[in-house]
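Welcome to this tour. Open your viewer, keep the selection tool at hand, and follow along stop by stop.

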Amino acid sequence: MPRRFHDAEELLPPATLLKRALAVIYDGLISIAVLLVTTWLYTLVAGWFTGWDKYGEMAEAGQISGDPGLTFVLFLTLYLFFAYFWTRLGQTLGMQVWRIRIENLDGTSVTWTQALLRYVTAAGVFLVALLGSYYLSPATLFITIPAMIALFMPINGLSLTDRASNSVVVEVPKPVKTA
């Protein structure tokens, strides 16, 4: 059941590019920590299943670099991290700090499917940027920087991820202080 953040008639202003960018940076740092812990746990499980001696030999031979299983687990972990916060609170930790929230146009929380669409859209743009950096090296800045700006820059209040998931990122009003 979706959570209602405010009345459907109440319209909140869209989040600015600066607040979105600052929240992305903040959440990016948290994501790095989540990925490090996930990689550590994956390595423990893989080493235990494979056998530590054999796993060590595989690591020295370079056979476990680029492990598709680890890539999938990291991709899934980040999706679950973001989708959990987006569907429950409408805000990740970085979004809470900068007082912005993802919600539907009627003021309800997004669904897991909408969160998946947001995540896959952003991941697709990052994948294109990574492929460009691999194949084009220095010239990739001409592709990556505009792609990242286009991904999060709100045009008429909606960014590319907003349009893909049929949701909006809004500024959360300051709470009223009671004396």
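Begin at Arg-99, which is found in the loop between helix 4 (93-97) and strand 1. Helices (H or I, at least four residues) and strands (E, at least two) are DSSP runs, numbered from the N terminus. Colour Arg-99 by itself: its phi is near 55°, a positive value in a residue other than glycine. Most residues other than glycine have a negative phi. Arg-99 is partly exposed, with a relative accessible area of 29%; buried means under 20%, exposed over 50%, and partly exposed in between (1.4 Å probe, protein chains only).

Before moving on, two notes on the model. It is predicted, so local features need pLDDT of at least 70 and side-chain atom pairs count only at pLDDT 80 or more, while totals for chains, interfaces and linings use all residues. Residues are numbered from 1 along each chain as its sequence is written, and side-chain values use heavy atoms, with hydrogens and water left out.

Next, select Asn-166, in the loop between helix 7 (160-165) and strand 2 (168-171). Here too phi is near 55°, a positive value in a residue other than glycine. Is Asn-166 buried or exposed? At 55% relative accessibility, Asn-166 counts as exposed.

Now zoom out to the whole chain. Seven helices and two strands make up its elements, and from the N terminus on they run α-α-α-α-β-α-α-α-β. The C-alpha atoms fill a box of roughly 60 × 40 × 30 Å, taken along the principal axes. Of the 179 residues, 36% are buried. For contacts (heavy atoms within 4.5 Å) with a separation of 6 or more, 73% join residues 24 or more positions apart.

Select Val-110 next, in the loop between strand 1 and helix 5. Val-110 is buried, with a relative accessible area of 3%. Show its neighbours: not counting residues up to four places away in sequence, Val-110 touches Trp-86, Thr-87, Ile-102, Glu-103, Asn-104 and Ser-167. Then draw a distance from Val-110 to Leu-130: their C-alpha atoms are separated by 28 Å, at 20 residues apart along the chain.

The next stop is the largest nonpolar core. A nonpolar core is a set of buried Ala, Val, Leu, Ile, Met, Phe, Trp, Tyr and Cys residues joined through side-chain atoms within 4.5 Å. Which of its 17 residues touch the most other members? Select Phe-82, Trp-86, Met-95, Ile-100, Ile-102, Tyr-119 and Val-169. Helix 1, helix 3, strand 1 and helix 5 each supply at least two residues of this core, and the largest share, seven residues, comes from helix 3. Apart from this core lies another, of six residues, among them Ala-129, Met-148, Leu-151 and Phe-152.

Finish at the largest pocket, with a volume of about 1000 Å³. On a 1 Å grid over the protein atoms alone, a pocket is an open set of points where a 1.4 Å probe fits, with protein on both sides within 12 Å along at least five of seven lines; lining residues have an atom within 4 Å of a point. Grid points are joined across faces, edges and corners, and the volume is the space filled by probe spheres set on the points. Of the 32 lining residues, select the closest to the centre: Phe-82, Tyr-119, Ala-122, Phe-126 and Phe-152. Helix 1 (17-50), helix 3 (68-88), strand 1 (100-103), helix 5 (112-136) and helix 6 (141-152) each supply at least two lining residues.
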